[in-house]
Amino acid sequence: MTDDEYLWTRTGVPDDAVRELECLLERYRYREPFREAAAPTPRSAESADAAPDRESE
Amino acid sequence: MSSLEHVVDTGALVRAAQGGDRAAFGELYALYAGMVHSIALARLGADDAADVVQEAFLRALRQLRRLRDVNAFGGWLAAIARNVIRDVQRLGCRRADADVEPAHRDTQHEDMQARTALRAIRALPAVYREPLLMRLVEGMTGPEIAHRTGLTPGSVRVNLHRGMKLLRRRLEAAGTRRRP
């Protein structure tokens with residue numbers, strides 16, 4: 001179960017297949033900052049949000 | 001950002017952000033952007049997935065004060081992300097080949113292998129796709145995935161294990177990875 005432990009915690013002996021996929025797919029990792037300029041502050045946003053989206057809870 | 005997982009009180013961050021604390025919302029973004037990105041990347045190309053993250057957080061910011069259970073933030077945000085994805089798919093304005101150009105180009109051969117692996121993950125059953133992308137693309141551990149998604153550690157562990165097993169088998173069958 002060594003490979004499962006590495007898959008689960010990223011510790012211990014790395015599983016070759018998992019490590020290979022990590023190295024390949026790391027290039028797709030999300031690194032963008034939040035585009036704050038487009039975002040209102042939470043309080044002003046709430047009062048301005050007259051048309052609620054589908055998700056509320 | 002992952003190392004903060006077990007010392008950050010997400011509920012406290014959500015409450016602070018609901019009160020207008022922009023830094024708290026920034027911390028929530030740092031903690032949860034990878035989760036949202038994985039949900040989007042499971043269904044869309046890389047450029048569209050990045051746009052979904054921004055739009056999901058904008059919607060979350062607008063609706064944050066309506067969230068009553070602050071400890072349910074992860075699941076609530078994931079639901080918003082899935083709505084954004086549905087909107088993108090419905091509008092039909094997807095950039096279909098966006099993932100052909102990964103963020104960091106190495107060799108052409110590695111790019112091709114990366115695309116093949118990403119497509120193989122997208123072809124897996126839905127229950128495996130998101131946790132595998134969170135693990136293999138975003139570098140989250142299993143406990144972090146469980147904490148952020150609100151799923152039980154047991155179910156995340158089973159889905160990671162079974163998903164990886166299936167992915168390994170398919171990549172070997174496709175000849176893109178040698179058998180151990």
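In what order do the elements of chain B run from the N terminus on? They run α-α-α-α-α-α-α-α, and the count for chain B is accordingly given as eight helices and zero strands, where helices (H or I, at least four residues) and strands (E, at least two) are DSSP runs numbered from the N terminus. The model is a predicted one, in which local features need pLDDT of at least 70 and side-chain atom pairs count only at pLDDT 80 or more, while totals for chains, interfaces and linings use all residues. Residues are numbered from 1 along each chain as its sequence is written, and chains are lettered from A, and ligands numbered from 1, in the order in which they are written.

Chain A has three helices and zero strands, and its elements, from the N terminus on, run α-α-α. Of the 57 residues in chain A, 18% are buried, a residue being buried if 20 or more other C-beta atoms lie within 10 Å of its own, exposed if 12 or fewer, and partly exposed in between, with C-beta atoms placed from the backbone. In chain B, 46% of the 180 residues count as buried. Among the contacts in chain B with a separation of 6 or more, 68% come from residues 24 or more positions apart, two residues being in contact if their C-beta atoms, placed from the backbone, lie within 7 Å.

A place where the two chains meet can be followed through a pair of helices. Helix α2 (residues 16–25) of chain A and helix α5 (residues 108–122) of chain B have axes that come within 9 Å and cross at roughly 110 degrees; such axes are lines fitted to C-alpha atoms, for helices over the stretch in contact, and the angles run from 0 to 180 degrees between N-to-C directions. The two helices, α2(A) and α5(B), are therefore roughly perpendicular to each other, given that angles under 35 degrees count as roughly parallel, over 145 as roughly antiparallel, 65 to 115 as roughly perpendicular and the rest as oblique. On the side of α2(A) the contact is made by A:Leu21, A:Leu24 and A:Leu25, and on the side of α5(B) by B:Glu110, B:Gln113, B:Ala114, B:Ala117 and B:Leu118. Sorted by class, this contact of α2(A) with α5(B) has six nonpolar, one polar and one charged residues, where Ala, Val, Leu, Ile, Met, Phe, Trp, Tyr, Cys and Pro count as nonpolar, Asp, Glu, Lys and Arg as charged, and the others, Gly among them, as polar.

Which residues of α2(A) are buried? They are A:Val18, A:Leu21, A:Leu24 and A:Leu25, and, seen down the axis of α2(A), these buried residues fall within an arc of 130 degrees, so they line one face of the helix; the arc is that of the directions from the helix axis to the C-beta atoms. An α-helix has 3.6 residues a turn, so residues three or four places apart point the same way.

The partner helix, α5(B), has 15 residues and reaches 21 Å from its first C-alpha to its last, close to the 21 Å expected at 1.5 Å a residue, the expected span being 1.5 Å times one less than the number of residues.

Elsewhere in chain B, helix α1 (residues 10–18) has B:Leu13, B:Val14 and B:Ala17 buried, and they cover an arc of only 100 degrees around the axis, which puts them on the same side of α1(B). Helix α2 (residues 22–41) of chain B holds B:Tyr32, which is buried, with 24 other C-beta atoms within 10 Å. Leaving aside neighbours within four places in sequence, B:Tyr32 is in contact with B:Gly74, B:Leu77 and B:Arg148.

In chain A, the loop between α1 (2–9) and α2 contains A:Arg10, a residue that has a positive phi of about 65 degrees although it is not a glycine. Most residues other than glycine have a negative phi. With 18 other C-beta atoms within 10 Å, A:Arg10 is partly exposed.
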